[in-house]
Amino acid sequence: MHIEINYRNINHSETIDQHVHEQVHQILGRFEERLTRIEVHLADENAGKPGPDDKRCMIEARPRGMDPLVAEDHAEDLYASIAGATKKLQRVLTKRFEKSDA
C-alpha cells in the first residue's frame with residue numbers, strides 16, 4: 001500500500017509524515033492487502049492564523065476494484081485531525097468491505 005502525503009499552507013515535516021505512516025498502518029493496516037494507495041491531504045484552513053478546528057486532514061483510500069473512499073476531520077492540531085480522519089476512514093472501509101464480502 002502506497003501512502004502519499006500532501007501539504008497545503010503547512011510546512012512539510014518529517015515528524016508529521018512519520019505520524020501519518022504510523023496511524024495509517026496501526027488503524028488501517030488490516031486492510032492493507034485490499035488497498036492500492038492512501039492519499040493524505042493536510043491543510044491549515046486559516047493559512048497560519050489562529051482559529052478553532054482550522055487543521056484539516058482528508059484521507060482518500062483506493063480499494064482494489066472499487067471507487068475511492070474519503071474521510072475528513074477538522075481539529076485544533078494536525079495530530080488530532082489525522083487521528084480523527086483515520087478512525088473515520090476505518091469505519092467507512094469496514095462498512096464497504098462488509099457489504100462487498102456479503
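**Close-up views of a predicted fold**

**View 1. K55 is found in strand β3.** Strands here are DSSP runs of E with at least two residues, while helices are runs of H or I with at least four, and both are numbered from the N terminus. This is a predicted model, in which local features need pLDDT of at least 70 and side-chain atom pairs count only at pLDDT 80 or more, though totals for chains, interfaces and linings use all residues. Residues are numbered from 1 along each chain as its sequence is written, and side-chain values use heavy atoms, with hydrogens and water left out. K55 counts as buried, at 19% relative accessibility; buried means under 20% relative accessible area, exposed over 50%, and partly exposed in between (1.4 Å probe, protein chains only). Its side chain makes a polar contact with the side chain of D54 at 3.2 Å. A polar contact is a pair of N or O atoms within 3.5 Å; within protein, one must be able to donate a hydrogen and the other to accept it, and residues adjacent in sequence count only if both atoms are side-chain atoms. Leaving out residues up to four places away in sequence, K55 touches A43, D44, D73, H74, A75, E76, D77, L78 and S81, where contact means heavy atoms within 4.5 Å.

**View 2. Four strands line up as β1-β2-β3-β4 in an open sheet with mixed pairing.** β1 (2–8) and β4 (69–75) stand at the edges with a single partner strand each, so one side of each is left without a neighbour in the sheet. On average, neighbouring strands are turned by 15° against each other, direction ignored. Angles run from 0 to 180 degrees between N-to-C directions, using axes fitted to C-alpha atoms (for helices, over the stretch in contact). Strands β2 (residues 35–44) and β3 (residues 55–63) run antiparallel and are joined by nine bridges; two strands pair if DSSP finds at least two bridges between them. R37 has R62 in β3 as its bridge partner.

**View 3. Two helices pack on the sheet.** Helix α1 (residues 14–28) touches β1 and β2, and its direction makes about 135° with that of β1. Helix α2 (residues 78–101) touches β2, β3 and β4, and its direction makes about 150° with that of β4.

View 4. The buried residues of α1 are I16, D17, H19, V20, Q23, V24, I27 and L28. At the start of α1, a side-chain oxygen of S13 reaches to within 3.2 Å of the backbone nitrogen of T15.

**View 5. T86 sits in helix α2.** T86 is buried, at a relative accessible area of 0%. Setting aside neighbours within four places in sequence, T86 is in contact with Q23, V24, I27, L28 and I59. T86 and L28 are 58 residues apart in sequence and 7.5 Å apart in space, C-alpha to C-alpha.

**View 6. N9 is placed in the loop between β1 and α1.** Most residues other than glycine have a negative phi. Phi of N9, though, is near 60°, a positive value in a residue other than glycine. N9 is partly exposed, with a relative accessible area of 48%.
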